[in-house]
Amino acid sequence: MSLTGAKKKGKKFLNPIPTDEAGFGKMVPILKEYINNKAENNPKQTIGPFKTDLSVFQTPPISGLRVTLVGHSSLLIEIDGKRILTDPVWSERVSFLSFMGPKRFFEPPLALEDLPPLDAVIVSHDHYDHLDKATIKFFAGKNIPFFCSLGVGRHLERWGLLKNFITEMDWGDSVMIGADCVLTAMPARHFSGRGIIGRNETLWSSFVIKGNTHNIFFGADSGWFPGFEEIGNLFGPFDLTMLEIGAYGQYWADIHMGPDNASNAHLALKGKIMMPIHWGTFNLAPHAWYEPIERLIGYAKEKDIQLFVPEPGKPTELKPYVSGWWKKYRG
C-alpha cells in the first residue's frame with residue numbers, strides 16, 4: 001500500500017483500500033437503528049461547565065508536550081515550543097443548520113479569543129464536526145498558517161482566510177511549522193463532503209507531527225486499515241497517538257474504528273500512550289455517549305495500553321492518566 005499520493009476516480013478521491021462508506025443506500029437501516037436504539041445517546045444531566053485556567057499557557061510544559069482537549073477532535077497541542085490547534089469546532093451544533101443537528105454536550109472550555117498564540121491550525125477533512133464555518137471565520141485576518149487536506153482550502157478561502165496562509169496537503173506531503181517541527185499528511189480510511197453533492201471531492205487525512213523532541217500522531221477520522229502498521233514502521237514509535245473511538249456502528253465499520261480497532265491501530269502505530277478523541281461531545285452514533293471510553297479502558301487493560309484521558313479544558317502534560325471525568329455525568 002502506498003502512503004503517498006491519494007488516488008482519484010474522476011473528481012472523487014479514493015480510500016487506500018476498498019471501503020463501504022455507508023452512503024445513501026444505507027440511510028434507511030441507519031435511520032431504523034437510531035429510532036430503535038435505547039442507549040443513553042445524550043447525557044441525562046448537564047455536563048460541565050469546564051473552564052480552562054488560561055494562566056497555565058504562560059509557562060511552557062515542563063515535559064515539552066501538553067494537550068488541552070476542547071472537545072471531540074479539537075485539541076490544543078503544545079509540542080516542543082509550538083502550539084497547534086486541530087479540527088477547531090466551537091459552534092453549538094455540527095450541522096448545515098444552526099438550529100438542528102447534533103448539539104454539544106458541554107460548552108467549549110475556553111473562548112476562541114482566549115486561545116494563546118498559535119503556530120498552526122490543522123484541518124483533517126471537511127465534515128461538519130471537523131470543519132466549522134463560524135470558527136474558521138473567527139480566524140480570518142489572524143495570519144495563522146492553516147494546513148489542510150487537498151480541496152479543503154476552498155472552504156477556508158470562501159470563509160475569509162487568505163490563500164497565502166493556507167497549505168493544502170496530499171498524502172505523503174511534509175511541511176515545516178517553524179524551523180524544527182515537521183507536519184506530514186498520511187492516509188486515513190474515511191470520506192468527505194458537506195452535503196448531498198460533492199461527496200469525496202476533497203481529501204481526508206491523518207497527520208504525523210514531529211517536534212525536536214516528541215513525535216505524535218493525530219488520526220482524525222478513520223476506519224481500520226493496514227496503513228497504520230506502515231505508518232508506524234515508517235514514522236514510529238510515537239510518544240502519543242490521538243485516535244477516534246466514538247461514532248461507531250454496524251453500518252460504518254469501514255470508516256470509524258470504535259474502541260477495539262482504535263486500540264489495535266495504536267499498537268500498529270507503535271504508540272507509547274494513546275489519547276482517545278472523537279467521543280463525549282456530540283451524539284453522532286447509536287451508542288451511549290460514554291460507552292466508547294468505558295469499552296476502551298477494558299481493551300487497554302487486555303492489550304497493555306497506557307491511556308491519556310484528560311478532563312476537557314484542562315491543559316495536561318503527557319503521562320499515563322485517566323481522569324474519569326465522565327463518570328459523574330453518566331446515567
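Guide: What follows is a short exchange about salt bridges and accessibility.

Guide: This is a predicted model, in which local features need pLDDT of at least 70, side-chain atom pairs count only at pLDDT 80 or more, and totals for chains, interfaces and linings use all residues. Residues are numbered from 1 along each chain as its sequence is written, and side-chain values use heavy atoms, with hydrogens and water left out.

Visitor: Why is the contact between Lys-82 and Asp-180 called a salt bridge?

Guide: A salt bridge is a side-chain nitrogen of Lys or Arg within 4 Å of a carboxyl oxygen of Asp or Glu; the N to O distance for Lys-82 and Asp-180 is 2.7 Å, so the pair qualifies. The two residues link distant parts of the chain, with Lys-82 in strand E5 and Asp-180 in the loop between strands E9 and E10, 98 residues apart.

Visitor: What makes Glu-201 and Lys-12 a salt bridge?

Guide: Their N to O distance is 3.9 Å, which lies within the 4 Å limit, so this pair also counts. Glu-201 and Lys-12 are 189 residues apart, and both are partly exposed, Glu-201 with a relative accessible area of 25% and Lys-12 with 34%.

Visitor: How many salt bridges does the structure hold?

Guide: There are eleven salt bridges.

Note on methods. Helix = DSSP H or I, 4+ residues; strand = E, 2+ residues; numbered from the N terminus. Buried < 20%, exposed > 50% of the residue type's maximum accessible area, 1.4 Å probe, protein only.
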